[in-house]
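Subject: Structure handover

Hi,

Here is the structure for you to look through. My notes follow below.

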Amino acid sequence: MLSFRGVILHSAPLSTDEDAILMLLSSRSNKQRQEVKAAYKKTYGKDLVSALKSELGGLFEMLIVALMTPPISYDASLLNKALKGVGTDDDVLIEILASRTCAQIKEIVKVYKKEYGGKLEKDIVGDTSGHFQKLLVILLQGSREKGVDEDRIEKDAEELFAAGQGKVGTDEEKLINILGNRSHEHLRLVFDAFKKLYGNDIEESIEGETTGNLENLMLAVVKCAKSVPAYFAEALYGSMRRAGTDEKTLMRIMVSRSEEDMLDIRACFKKMYGVSLYNTIQVEWTSLSLFNSTLSFICSGAMG
C-alpha cells in the first residue's frame with residue numbers, strides 16, 4: 001500500500017492534486033510518511049520532498065515539507081536556521097531547549113552534527129552570551145537529575161527566593177543551576193513550596209528580577225516543568241492573537257507536537273481560553289484553505 005500511495009503522488013500533476021497530497025500525508029504518522037518517501041524513491045528514482053517543493057508553494061509547501069521531515073531532524077533544522085540566519089531566532093532556541101526531554105535533546109545534538117557538520121553547543125555559544133547562554137548550554141546537556149530529593153525541596157525554594165526577591169540584585173547563577181538541573185517532578189514541588197513560603201508564584205519573582213531573553217528562557221523552563229502541553233497551548237494562543245498571526249510559530253508547534261501531545265494541548269487550550277483550538281484555527285485561516293485544512297487535521301489528532 002505504501003508504494004501505491006507513492007504512485008498516486010507521482011501519477012497526477014502535483015500542482016492540480018494538492019487535496020490528494022493533503023489527505024495522503026496529513027492522515028499518516030511521520031514514520032509512515034518516511035516509508036512513503038522511501039517507496040517513492042525506490043519506484044521512481046526521485047526524492048519525494050524535492051518533487052513536492054517543485055510543485056507547491058508558500059505556507060502549504062513549508063508545512064508539507066515540515067511534515068515530511070523526521071521529528072528530530074525537524075528540530076535540528078529549526079535550530080540550524082535559528083542560528084545561521086540573519087541574526088539569531090532566540091524564540092526557537094528557547095522553545096526547543098526548554099520543552100524537549102533529555103533523551104530528545106541528546107538525539108538532536110547527534111543529528112545536528114551529522115546533518116550540519118558542526119557542534120550545536122559551539123554554534124549556540126557563538127551566537128549567544130551571558131547568563132542566557134549559560135542556561136541554554138546547561139539545557140543542551142540533556143542531563144537533568146532524576147526523581148525527587150525530598151530533603152532539598154524547601155531548601156531549593158529558599159535558595160530561589162534568596163537569589164531573587166530576597167536580595168539586592170539577582171544571583172542568576174543560583175537560579176540557573178536550580179532551574180537547569182533539577183528534574184521537572186522536583187521543580188514542581190519546589191514551586192509549590194515557594195508559593196507556600198513567600199505567597200507568590202515563581203514566575204512573578206522571575207519577571208521582577210530578570211529581563212529579556214534570560215527572563216523568557218527561565219519562564220519557559222518553569223512553564224514546561226509545570227506542564228508542557230499548557231506551555232504550548234499558551235504559545236499557540238499567543239501566535240494567533242498578536243498583531244498579525246505568527247504563522248511560523250503556529251506551524252512549528254503544530255508539526256512538532258502532532259504526535260507528542262496534541263490532544264493534551266487541545267484540552268489545555270480549551271481550559272485556559274474557553275474556546276477550542278480547532279475552531280480558533282478555522283477562524284484564523286479561512287483565507288488559506290490548504291494550510292488551514294492541514295493544521296486542522298493535525299489538531300484533530302487524525303495523524304497516524
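How many helices and strands does the protein have? It has 20 helices and zero strands. Helices (H or I, at least four residues) and strands (E, at least two) are DSSP runs, numbered from the N terminus.

Some ground rules. This is a predicted model, where local features need pLDDT of at least 70, side-chain atom pairs count only at pLDDT 80 or more, and totals for chains, interfaces and linings use all residues. Residues are numbered from 1 along each chain as its sequence is written, and side-chain values use heavy atoms, with hydrogens and water left out.

Overall picture

Of the protein's 304 residues, 49% count as buried. Buried means under 20% relative accessible area, exposed over 50%, partly exposed in between (1.4 Å probe, protein chains only). The protein exposes about 14400 Å², and carbon and sulfur atoms supply 50% of that area. Areas come from the Shrake-Rupley method with a 1.4 Å probe; for residues, only the protein chains shown count as cover. Take the contacts (heavy atoms within 4.5 Å) with a separation of 6 or more: residues 24 or more positions apart account for 70% of them.

Core

The largest nonpolar core has 84 residues. Such a core is a set of buried Ala, Val, Leu, Ile, Met, Phe, Trp, Tyr and Cys residues joined through side-chain atoms within 4.5 Å. Ile64, Met254 and Leu277 touch the most other members. Helix α15 (residues 212-226) gives the most to this core, with nine residues. Look at Leu277. Beyond its neighbours within four places in sequence, its contacts include Met254, Phe269, Arg266 and Cys299.

Salt bridges

The whole structure holds 16 salt bridges. The cut-off is a side-chain nitrogen of Lys or Arg within 4 Å of a carboxyl oxygen of Asp or Glu.

- Arginine 100 bridges to aspartate 75, with the closest N and O atoms 2.8 Å apart. Arginine 100 sits in the loop between α7 (90-99) and α8 (102-116), and aspartate 75 in helix α6 (residues 71-84), 25 residues apart. Arginine 100 and aspartate 75 are both buried.
- Glutamate 145 meets arginine 182 at 3.5 Å, N to O. Glutamate 145 lies in the loop between α10 (130-140) and α11 (153-163), and arginine 182 in the loop between α12 (172-181) and α13 (184-198), so the pair ties together parts 37 residues apart in sequence. Glutamate 145 is partly exposed at 32%; arginine 182 is buried at 7%.
- Glu145 and Arg182 also belong to a salt-bridge network with Asp149, Arg152 and Asp156.

Aromatics

There are nine aromatic pairs. Rings of Phe, Tyr and Trp (its six-membered ring) pair if their centres lie within 6.5 Å; planes under 30 degrees apart count as stacked, over 60 as edge-to-face and the rest as tilted. Phenylalanine 161 and phenylalanine 194 have ring centres 6.4 Å apart and planes at 55°, so this pair is tilted. Phenylalanine 161 is in helix α11 and phenylalanine 194 in helix α13, 33 residues apart. Phenylalanine 161 is partly exposed at 23%, while phenylalanine 194 is buried at 0%. Tyrosine 237 and tyrosine 273 are stacked, 3.7 Å centre to centre with 0° between the planes. That pair links helix α16 to helix α18 (residues 262-273) across 36 residues. Phe161, Phe194 and Tyr198 form one aromatic cluster.

Best wishes
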